[in-house]
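Here is a short briefing for a first look. It covers pockets and aromatic rings.

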Amino acid sequence: MRSLILAIVAACSGAPKIVPAPAPLPAPAPAAAPQPTGPFAEQNLGFEQLDGTRPKAWESRSGVHAAVTDQKHGGARSLRLEVTGGEGHAASTSFDAKPYLGKRVRVHGYIKTQGAGSAAIWLRADRGDAPLGFEGMEDRRVTGTAEWTQATVELDIPLEAERIVIGGMVGEKGIAWFDDLSIEVDTIKPPAQIVVEGTVVDFAGVPVADAYVTLIDSRRDIAKHVRSDGMGRFRFMMLEGTYGFSAHHANAVGGFVARHKLAASTNDLEIKLGETGGVTVKGRVKGKLAPNTVVQASLSEHDAGLFAIPVAANGTFEAVLPRGDQYLVSVIGGRASGRFDRKGDRVEAVLDNVDKTTRARPSKK
């Protein structure tokens with residue numbers, strides 16, 4: 001049979017030809033790390049791009065962070081943070097806030113832990129070195145040892161923000177891995193106008209007329225203040241948001257309602273005054289007074305412990321407020337402010353409302 005095949009080949013093509021064996025194919029080059037794409041590509045949210053052993057675009061003040069391959073939710077790498085004792089560690093990346101001002105930024109990601117005191121994804125808006133807002137999974141952090149767990153944080157970006165910072169952190173002890181972060185941006189619906197009505201009552205539940213009622217906004221500033229009517233009723237018009245309320249009257253101890261989110265109108269808010277345990281905050285404002293001058297006095301221990309107190313024509317003011325060790329008193333819309341310690345059941349506050357920025361003009365020679 002072999003002789004037959006050779007004969008056929010020779011008859012068809014003449015002398016037999018020797019065909020060289022093909023050269024071996026070159027070994028395939030190692031696969032390059034995937035190049036990031038999309039609006040947040042430079043933030044390296046999958047930790048695939050390296051700078052040595054660390055993920056590009058990510059930094060940590062502690063220096064304890066690395067991109068690793070032994071644990072990953074997706075792709076080839078994840079971010080690893082470890083704490084062996086003492087303070088926790090965090091790593092972060094940031095980007096320009098300008099395109100996202102007035103919008104809601106939401107960060108999704110995955111966290112895996114080993115013996116961690118706590119671990120979280122976090123999100124912050126900054127102006128210079130000052131944080132304007134922060135969200136760090138305070139009530140839902142991943143603890144102990146856990147497999148990959150999905151996590152989300154979100155923040156409304158203030159119009160004053162300059163940078164948005166996102167990151168991962170682990171506190172107290174343990175190891176945490178972070179992977180497959182993504183950023184979502186939503187337009188915020190303009191807040192609706194709402195009306196909040198309520199009643200100031202004394203310790204026995206009896207309505208209190210002519211009480212001084214204060215509306216406290218989400219920044220812990222006094223937004224508005226009014227007096228209750230003859231039935232103890234008060235009324236505020238504002239945009240939906242987070243607010244607290246306080247009230248005080250000469251015959252009772254001031255009371256307050258802690259800040260909480262209000263998304264609809266209501267007419268049954270109640271502010272209850274106390275019977276005992278108050279501190280008399282009494283003082284005087286020196287200098288020229290504008291008509292209807294009001295001072296504000298705050299207790300640092302309470303998020304809604306902020307009270308508006310009217311100033312008499314002679315510059316004096318007085319109110320009985322909930323007990324605290326120190327009170328910050330300032331003139332609303334003025335220049336004078338100070339911190340005053342409680343002595344027994346009283347606080348004496350003297351404020352100088354003189355414009356201290358005014359300088360004497362140099363004499364002409």
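The points below take the pockets first, then the ring pairs.

This is a predicted model, where local features need pLDDT of at least 70, side-chain atom pairs count only at pLDDT 80 or more, and totals for chains, interfaces and linings use all residues. Residues are numbered from 1 along each chain as its sequence is written, and side-chain values use heavy atoms, without hydrogens and water.

**Largest pocket**
- The largest pocket holds about 1400 Å³ of space.
- A pocket is an open set of points on a 1 Å grid over the protein atoms alone, where a 1.4 Å probe fits, with protein on both sides within 12 Å along at least five of seven lines; lining residues have an atom within 4 Å of a point.
- A volume is the space filled by probe spheres set on the points, which are joined across faces, edges and corners.
- Its lining has 26 residues, and Asp156, Ser218, Glu240, Gly241 and Thr242 are the closest to the centre.

**Aromatic rings**
- The whole structure has seven aromatic pairs.
- Rings of Phe, Tyr and Trp (its six-membered ring) pair if their centres lie within 6.5 Å; planes under 30 degrees apart are stacked, over 60 edge-to-face, and the rest tilted.
- Phe234 and Phe236 form a tilted pair, because their centres are 5.9 Å apart and their planes at 55°.
- Phe236 and Phe245 are also tilted, with centres 6.2 Å apart and planes at 40°.
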